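Subject: Structure handover

Hello,

Here is the structure I promised to pass on. Please open it alongside this note. My findings follow below it.

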Amino acid sequence: MSEIHLTGSHDDGDVELNTSSNPTFGSIIEERQSRRTIMGGMASVAALFGLAGCNDDSEQPKSDATVSAGSNGATTSGKTVTLTGTSTGSTGVLWTQVSGPTVVLTNANASNATFTAPSVTAATPLVFSFNASGSNSIIASANTTVTVSPAVLGFNAVAKNLLDVVTVPAGYSVSVLYRLGDPINAATPAYANNGTDTNFASRAGDHHDALYFFGLGATTGLRDDNASARGLLAMNHENISAAYLHPNGPTSVGGVRPEAEAIKEIEAHGVAVIEVLKGTSGWNYVQNSTFNRRITPNTPMDIRGPARGDVQVRTAFSPTGVAGRGTVNNCANGYTPWGSYLTCEENWAGYFRRSSTDNAARTAKEVVALSRYGVSQGAGGANGWASVVPTVPGSTIFAKWNASATGSDATADFRNEPNQYGWVVEIDPYDAASIPRKRTALGRMGHEGAWPANFVAGRRPVFYMGDDSRGEYFYKFVSATPWVAADAQSADRLSIGDKYLDSGTLYVARYDATGNGVWLPLVFGTGAVTAANPAYAFASQADVLINARLAADAVGATKMDRPEWAAVNPVTGEVYLTLTNNSAAQRPLTGTDAANPRHYNDPRGATNTAQFGNPNGHIIRLRETGDNPEATTFRWDIYAFGADSDLNAANISLSGLDATNDFSSPDGLWFGRPQNASGLVNPLLWIQTDDGAFTDKTNCMMLVAQPGNVGDGGALTITNTDSTGATRTQSTFVGKAPGMTLRRFLVGPKECEITGIDSTPDGKTIFVNIQHPGENGSAATPSSFWPASQTGGTGARPRSATIVITKDDGGVVGL
C-alpha cells in the first residue's frame with residue numbers, strides 16, 4: 001500500500017498526498033463501501049473487501065488493527081456533531097459517510113471528526129464508517145449511526161438584566177467588530193473617542209442600524225453568494241449621539257452651529273460598506289479594503305422611476321429634478337437577489353428648517369403635503385444644520401436643509417428638498433464608484449425597510465415596506481416585470497434594479513375585522529386617487545408616489561401601531577410585521593380595531609407611572625392568497641403580543657409569555673438564511689426590541705422564535721380599559737401561544753437599541769448592531785461605557801458598534 005500522509009484538518013475527508021499510482025486510503029474505502037453491509041454496527045471485513053467464494057470469516061485475511069466507531073447517537077439540525085473513533089495498531093484512520101444526507105466532514109482523517117447536522121423534515125439516520133489501516137495494510141472498519149431530527153431552539157434563555165454588556169447564552173461568544181469612528185482606509189488615524197476626531201466620511205458612522213452580508217470569494221475577491229469567511233457588510237448609520245461626538249457636546253453661537261461640528265454630524269449619518277474577513281482568531285474588518293465606502297448626506301444620487309424630473313423634486317442643485325445629494329436617517333433595509341443593497345430613509349422630515357411664515361409662500365397643496373409628512377412651518381431642523389455659514393463660497397450643503405421658499409421658484413432654493421428624501425435607495429456594494437439610485441416607484445414615506453418576497457422565476461418581484469410612525473401604514477410594491485432567474489448574476493446590478501424597481505404598482509394594506517385583508521392599489525385615476533379628491537388633488541402618478549401617505553389616506557388603509565420591520569418566511573412566504581407601540585392619543589380606547597386591538601396600562605417603575613395605549617406593541621403576520629405575493633387579498637393574525645409576563649393574561653399578556661420570553665416594543669425582524677438549517681423547514685425568526693416601556697426591568701433584547709403559521713390560533717375577544725376605568729371589548733385573531741418556541745437570546749448594554757442582524761450563509765456567524773448605548777448621558781457623565789465595558793473597561797465614551805456572535809462548538813447560531 002502506498003504511503004499515506006494525513007493532515008489534521010481536511011474538509012473532503014481524503015488523504016492529503018499520494019505520490020504513487022496506487023489508490024488512496026479514501027478511494028479504497030469509497031469503492032468498498034458501495035458493497036458493504038452493516039452488521040450490528042461493525043462492518044464485515046469480507047464485505048468490505050468484496051471477497052467471493054469464502055463464507056468463513058476465519059478464512060479471510062484480517063487487519064491487525066482494531067477499531068470502534070463509538071455508540072450511536074441523536075441530534076437535531078444545525079448542531080455540531082463530533083464522531084469519536086478509537087483504534088489500536090493502526091497506521092492511519094479515516095472517517096467516511098456511508099448513507100444519509102451528505103455532510104462535510106472536518107478532520108475526517110483523525111479519530112475525532114465533526115460535521116454540522118443537516119436540515120431534515122423528520123428523524124433521519126446518517127451512517128458513518130471509521131476505518132483504520134493496520135500494519136499489514138488491511139483495513140478494519142466500524143460504523144456508527146447518528147439520527148438527526150428537525151431543528152429546535154438550542155440554548156437556554158438569557159435572563160432580563162440591566163448590565164452594561166451584551167449578554168448571550170452559555171456556549172456562545174461575542175466580539176466587537178466595527179465601532180463608531182473606526183477608520184475605513186489606511187490614511188485615517190485611529191479613533192481617539194474624545195470629541196476631537198474629524199473626517200467621518202472615512203470613518204464608521206454613528207447609530208449602526210440594519211445590515212446585510214454580501215459574500216466575497218476567499219481568493220477571487222468576486223461576488224460569491226455562498227461565501228462565509230469573507231464578505232462585505234453594508235449597513236446603515238441612522239442618527240447620532242451628538243453628546244459624544246464633540247469635546248463637550250454640540251455648541252452654537254446665537255443659534256448658529258459651527259461648521260466643523262455640523263460637518264462631523266452630517267458625515268456620521270448615512271451608509272457604510274466594509275470588507276470583513278474571518279481569520280484564525282475570529283472576525284475583523286479590513287481597514288484598507290478597496291471595497292470600503294461611506295455614503296453620506298452629501299453623496300451624489302440619481303433619482304429614478306416615475307418621480308424622476310417631476311416639478312416637486314426640482315431644486316437649486318438639480319433644476320431638472322433628476323439628481324440629488326445624500327441619504328439620511330437610514331433605518332431598516334432590504335436586499336435584492338441580483339446583489340444590491342436597499343437602504344431606507346425613515347425619519348428624514350425632522351432635519352429640515354421652515355420659516356414661521358413659509359405657508360404664505362406655498363400653494364394650498366404644498367401646505368397639505370408638507371404637514372402630512374411632518375415638515376412643519378416654523379420647524380428649526382434637527383441639529384441646526386441649516387444655520388451654518390459655510391466657509392466655501394457658494395456651498396449649499398447646509399442651505400439644502402432649509403426648506404423655506406426663499407427664491408423666485410423651486411429651482412432657486414431648496415423648498416422641494418424634503419421631496420428628495422423618504423425613498424428606498426439602491427446601492428451596489430461591490431462597486432465603490434457607483435452612484436446610488438433613489439427608487440421612487442416604491443413610494444415616499446418614513447421608510448422602515450424594503451423586504452423581498454421569495455423570488456420565483458416568471459413571477460413579479462414583490463417588496464414589503466413599513467412606514468415607521470404611529471398611525472401609518474403597511475405597503476408592498478409589485479414590480480411590472482416578471483423575474484428572470486439569470487438576472488441574479490448580472491454584473492450590472494443597478495441596471496437590473498432599473499428593470500425591476502422603476503415600474504410597478506404600489507399597494508397599501510387594509511386589515512379587515514374578518515381576519516381577511518385587501519391590498520389597495522395607489523394608482524392615479526383609480527378610486528379616490530384622482531384630481532377630484534377633496535383632501536388632496538392628485539395630479540399624476542408621480543404626485544401619488546411623492547405623497548404616498550395622502551394616497552393611502554384616500555383609499556382607506558388601516559392605520560397601524562407604528563409599523564416597522566417586516567420579514568418574509570423563506571419556507572412559507574408568510575410576512576411578519578412589527579408594530580412597535582402606540583400612545584393613548586393615537587390609539588384611544590374607542591380607536592382600537594382587530595389588527596391593533598389593545599388599549600391598556602403597563603405601569604412603569606417603582607412609582608407605577610401610567611403608560612396607557614399600546615406601549616408594548618405586537619407582531620402581526622399575513623399569508624397571501626394562494627401563497628402568491630402578487631395577490632391582492634390575504635389572511636392575517638397576530639403572532640405575539642409584547643407584554644410584561646405579570647400583566648393581565650386575559651386582556652393584555654395574550655401570548656402566555658413568561659420570564660424567559662416576555663418582551664416589549666418589537667422592532668427588528670429577520671428570518672434565518674435558507675442556505676443553512678436556521679432558514680429551512682421551520683425557520684428561525686429573530687426579534688429585536690427598541691423599548692422604553694419595559695426598560696425599568698431590562699435593557700433592550702433579541703429573541704428567537706420558531707413561529708407556526710397564520711391561522712394556528714383562533715378568534716379572541718378582549719376587554720380594554722382606559723385611564724378613567726371605562727371598558728370596551730375588541731375582537732381579534734391570535735396565533736398559537738409561542739411557549740418554548742420563543743426564547744430570549746440576547747440582552748444589550750445600557751440605554752441601547754438592538755437593531756440590524758444578518759448571518760453568513762452557513763449560519764455559523766451572526767452580525768448584530770448595538771445602537772446608541774448610553775443615549776441619555778453626556779460627555780462629562782456617560783451613562784454607558786460600552787463597548788469598552790464588554791471586556792471590563794470603564795471611562796470610555798460609549799459607541800454604537802457591530803458585534804459578531806458565534807457558537808463555541810462551531811454550530812449554526814440559535815440551533
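Start with the largest nonpolar core, which has 63 residues. The members that touch the most others are Phe-474, Tyr-511, Ile-620, Trp-636, Tyr-639, Leu-685 and Ile-687. Strand β34, residues 633–641, gives the most to this core: six residues. Bear in mind that this is a predicted model.

Ile-687 is worth a click. Set aside its neighbours within four places in sequence, and Ile-687 is in contact with Ile-619, Tyr-639, Pro-666, Gly-668, Leu-669, Met-701, Met-702, Leu-703, Ala-705 and Leu-742. Another core, of 50 residues, lies apart from the largest one. Its members include Ala-349, Met-445, Tyr-475 and Ala-557.

Next, a helix pair. Helix α5 covers residues 364–372, and helix α8 covers residues 548–555. Their axes come within 9 Å and cross at roughly 90 degrees. An angle of 65 to 115 degrees counts as roughly perpendicular, so α5 is roughly perpendicular to α8. On the α5 side, Val-368, Ala-369 and Arg-372 make the contact. On the α8 side, Arg-549, Leu-550 and Asp-553 do. By type, the residues of this contact are three nonpolar, three charged and no polar.

Now the aromatics. The structure holds 40 aromatic pairs. Two are described here.

Trp-338 and Trp-483 form a tilted pair. Their centres are 5.9 Å apart, with 35 degrees between the planes. Trp-338 sits in the loop between β19 (330–335) and β20 (341–345). Trp-483 sits in the loop between β25 (474–479) and α6 (493–501). The pair therefore ties together parts that are 145 residues apart in sequence. Are these two residues buried or exposed? The cut-off for buried is under 20% relative accessible area. Trp-338 is at 0%, so Trp-338 is buried. Trp-483 is at 6% and therefore also counts as buried.

Tyr-576 and Phe-671 form an edge-to-face pair. Here the centres are 5.5 Å apart and the planes 75 degrees apart. Tyr-576 is in strand β29 (residues 575–579), and Phe-671 is in strand β35 (residues 666–671). This pair links distant parts of the chain, 95 residues apart. Tyr-576 counts as buried, at 0% relative accessibility. Phe-671 counts as buried too, at 6%.

Last, one aromatic cluster is formed by Tyr-464, Phe-474, Tyr-511, Trp-519, Phe-634, Trp-636 and Phe-733. You have met Phe-474, Tyr-511 and Trp-636 already, in the largest nonpolar core.

Best wishes

Terms used
Residues numbered from 1 in each chain as written. Predicted model: local features only at pLDDT ≥ 70, side-chain atom pairs only at ≥ 80, totals over all residues. Heavy atoms only, no water. Core = buried A, V, L, I, M, F, W, Y, C linked by side-chain atoms within 4.5 Å. Buried < 20%, exposed > 50% of the residue type's maximum accessible area, 1.4 Å probe, protein only. Helix = DSSP H or I, 4+ residues; strand = E, 2+ residues; numbered from the N terminus. Contact = heavy atoms within 4.5 Å. Axes fitted to C-alpha atoms, helices over the stretch in contact; angles between N-to-C directions. Parallel < 35°, antiparallel > 145°, perpendicular 65-115°, else oblique. Nonpolar A, V, L, I, M, F, W, Y, C, P; charged D, E, K, R; others polar. Phe/Tyr/Trp six-rings, centres within 6.5 Å; stacked < 30°, edge-to-face > 60°.
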